[in-house]
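Colleague: Could we go through this model together? I would like to start with the overall picture and then turn to the details.

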Amino acid sequence: METQQDPMKDDLPLMANTSYMLVKHYVLDLDVDFKSKVIGGVIVLFFETGSQYRKTSSTGKEVCQSQVDETCKMRASEPCHVPATNASACSSKKEYKDFTAYGKGEEDTSDRNGNHSNKEQTSGISSSEDCCDTENPENKDFLLVLDCCDLAVLKVEEVDVAAVSGIEKLTRLAKPNDVSKELENLRNRIVHELVTLPADRWKEQLYYFTCCSQAPGCGDLLFTTGPWSLEIRKSGIQTPADFPHAIRIWYKTKPEGRSVIWTTDQSGRPCVYTIGSPINNRALFPCQEPPVALSTWQASVRTAADFVVLMSGENSAEPVQLQEGILSWYYYVTMPMPASTFTIAVGCWQEVKQQSSTAPVQTNIEFSLPYSDDDFRCAHVEYPCRFQNPAARLQAVIPYRVFAPWCLMEHCKEHLLQLIPQCLSAAYTTLGTHPFSRLDVLIVPSNFSSLGMASPHIIFLSQSVLPGGTHLCGTRLCHEIAHGWFGLAIGACDWTEEWISEGFATFLEDIFWARAQQLSHDEVKEQQELKALLRWQRLRDEVQNSEEELQVLRPKKESTGELSESGASLVKYGLKAEKSFMQVHYLKGYFLLRSLARTVGEDSYLVCLRKFVHKFHGQLVLSQDFLRMLLEDIPEQKKSGLTVESILQNWLDTSGIPKPLLEEGETWKECRLVLQVSGEVTKWIQTNQRIRKSSKKKRKQDEVVFQKVRHRWCELVVKHKYMPGYGDVEKFLRDDQAMGVYLYGELMVNEDVKQQELAHKCFAAAREHMDESSAKVVAEMLF
C-alpha cells in the first residue's frame, strides 16, 4: 500500500484501492442530531472485484467483470419511490439496536495508534505494514482501503446476504449445505448478481439492496483508522475476490468534520449541509473518493419533525413519521456517480410555492439530435438513461422545487421561481435532454462561501444572488444548471482538470442566459463582449496576484489521469485553501472555449457541443477527448495549425494569460455596451470625488443601492474608498459571506489603514461562523 500522506500537505490523497475492489452501491441509515452536532448510524457497502484482480470459477468462466473500461458517470431514470422495507420482508427478523445509540453518547474505542476492533482484537492489525492491499506471495491478508477522515468508526462486520428470503433467485443456485467456504463464495456471488442486474430491473434491485442491508451480520472485521483512510481486513482472506463483498459499518461524524457545516440559517434556526470541498464526503461517510468509483446509493435519514431533509436523489421524498416528533426521509439514485457528488442539507427550510395566478412559461422547443434517433446509442454501460427515454428527450423543463428560510421566501417568489423554468428551457434548447429527472434549489445559509454549487438533483444558491433584479440570479442559476451536463453527466477523469467543469459552465451560462432573456443577436453580442472584457480584467488581476503553479489548468500535464497500481492517487494542490477561491479554471477555460467558438463559428460549435454531450454523457473524460472530437469534426482547422498539442501547450499547461488571449484583449473596448458602461463608471467616479460628506438623503439612496446589488456595490465602495459605504461592507461581510473572501483581499491590497482596520473588525466578528477554507485564506491575508 502507498505511504499515507501528511494531512498538512497541499495535495489531497485519494486512498481507496479501487483497482482491487469497487463500491457499486451504498445504503445509508442515519440520524441527524442537532444537539450533539453529529450524524450517526450505519452504512452498508456492496462491492465488485476491481480491474486489477479477476477470479475464475472452476468451470473457467469469469466471475467478476473488469472495471477498466467502466467510466460511466451516472444514470438517470424517472422518479419512483421505493419504500424502505422492514425486516420482515427479508429473511432475518433480527432487530438491530437503535442506530442512534451509535450516533451519540458512544466512546471512541480507538487507541493512541488509531487501531480498532469489534472485540478488542487490535493486535492483528497494529499498523498498515502488517497487511497489504494486493495479492502477494507472502500470504498476507488483503487490506480494503476506504477514504475516511474526521469519523469515529465503531464497528465493521460482514453482511450475510445469503440469509435474505428469496435472494437465491438472483443466483439460480440452491443454498449450499456447507456453511464455510462454499457459503462465503455464495454471498459474493449474490452481491455480484445483484449489482449487475439489467437496467430494466432497477426497482427490484433497490428492493434487494434494502433487504440485504437489513440482513444479519456473519462475522466482525478488523479495522484501523488513519488520518485519511479506513483500512479493513478479514483474517485469512488474501485476495479481493474472496473478501466480503457486502460490509456494514457503524460510525458517527464529528462536529468539526470538514465535509459538513453545522450552522444557523438566516432565520436563526439550526441547520447542517455538505460543502463539497476541500475533502468532499469522506468526513460524512466512509467511501471511495476517486472519480472512477462510480456508485449508486439510497439513504434513510431521521431527524426531528421540524426539519426538512434534502438530498441528491431521483425521488422527491415524502417524510414518514416513525414516532412522535421524529420523521424519516428516504432518497435513492439509480445512476452511478462519484461519492463526492452526494449532497445533503437538513434545516427548517420552507418550500416556496408558485402563485396560482402565475402564467405558464413559454418554452421554445427547438432542440434536435446531431444525428437521428435510430443511429443514436449510449456509449456508457447499461442503465435506464434519460437520453434513451423518448419522453425525457421532449422535456424542456424538468419538475423543480425551491426551498429557503422563511425570511427569504418573498425574495424567492419575486424572481427565482420565474427564472428557473426559463433557464431550464434555455439549457434544453442548447444541449438537449436534461441529465436529471428533477431539481431542488436551496437558498443556503449566509456562511456559504460561494454564489452556488451544483450536485445531482439539487443546487445550492447563495442569498447574495437574490437582490438586484434578475440578472445576477439568472446568470448564476444558468451556471449551475450547466453543471448538470458538464461536471456531473460528463465528469473529469482527473479532478485537477477543473476547467472541464467550470470553464464549460462559465461559457454556457452566457448562452443559456441570453436565450432565457430572448435577446436579439446584436444584444447577445454586446452583452457577451462586455462580459469578456470584465472577465479578462479579472483574469489579469488574478494572474498578477497568485502563485504561478496554481494558474496551470493541467498541473499534472502528461501524467493527468494516471493512477497508482492500487487505484489510489493525489489531487494536486487539492488541500491548498486559496486554490478553492481562485477563478483561473473558470476564466482561462471560458476564454479557451470562446476562442474555439470564434474560430469554428458559434453555430457549428454548439452542434459539436451537443454531439459531445450525446457521445460522452455517463462517462469520465480528459481534455483531449473534447479537443480531438472538435478537430475531427472541423478538419479544416488542422490546416491552420490548430492541434490538440498546441492547445494543451498554449492554454492548459502553462501559467499566466495565454498568448492567443493577449492578442485579443483590446478588441472588446470598442463594443457599444462597453463604451456605455465605461462612460457611466467615469461619471460616478467624478460624482464620488465631489462628495465629501454624506447627507441623510444620499445615505438613504445608498441603502437602496446596497439592497439591490450587495457584493458588487461593496466592491465599488472598497475600490474607490467611498467611506460612507463602509457600513455596507461591514454588513455584507458579517451577514452574507458569499464572495466575502474577495472583499477581504480588496480591503487589504489597497494598503489603506481604515480599510485594513475594517477587515480585521469584520473577520473577528465572523470568523466563528466561517467555513475552514475561507477562514484560513482570510487569516493569511490579514496576519
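Colleague: What share of the contacts in the chain with a separation of 6 or more do residues 24 or more positions apart account for?

Modeller: Such residues account for 76% of those contacts, a contact being heavy atoms within 4.5 Å. Please note that this is a predicted model, where local features need pLDDT of at least 70 and side-chain atom pairs count only at pLDDT 80 or more, while totals for chains, interfaces and linings use all residues. Residues are numbered from 1 along each chain as its sequence is written, and side-chain values use heavy atoms, with hydrogens and water left out.

Colleague: How many helices and strands does the chain have?

Modeller: There are 22 helices and 25 strands. Both are DSSP runs numbered from the N terminus: helices are H or I with at least four residues, strands are E with at least two.

Colleague: What percentage of the residues count as buried?

Modeller: Of the 783 residues, 58% do. Buried means under 20% relative accessible area with a 1.4 Å probe, counting protein chains only.

Colleague: Which residues have the most contacts inside the largest nonpolar core?

Modeller: They are Leu 416, Phe 486, Leu 609 and Phe 626, in a core of 88 residues. Such a core is a set of buried Ala, Val, Leu, Ile, Met, Phe, Trp, Tyr and Cys residues joined through side-chain atoms within 4.5 Å. Helix H6 (residues 409-431) gives the most to this core, with 11 residues. A second, separate core has 69 residues, including Leu 30 and Val 444.

Colleague: And which residues does Phe 486 touch?

Modeller: Among them are Leu 431, Ile 500, Phe 504, Leu 609 and Phe 612, leaving aside residues up to four places away in sequence.

Colleague: Changing topic, in what order do the 5 strands of the open sheet come?

Modeller: The order is E18-E19-E20-E22-E21, with mixed pairing; two strands pair if DSSP finds at least two bridges between them. The edge strands are E18 (350-351) and E21 (452-455). E21 pairs with E22 (residues 458-461) in the antiparallel sense over 4 bridges, and Ala 454 stands opposite Ile 459 in E22.

Colleague: Why is helix H10 described as largely enclosed by the rest of the structure?

Modeller: Because 13 of the 17 residues of H10 are buried. H10 is followed by Gly 601, whose phi is positive, near 105 degrees.

Definitions and conventions
Buried means under 20% relative accessible area, exposed over 50%, partly exposed in between (1.4 Å probe, protein chains only).
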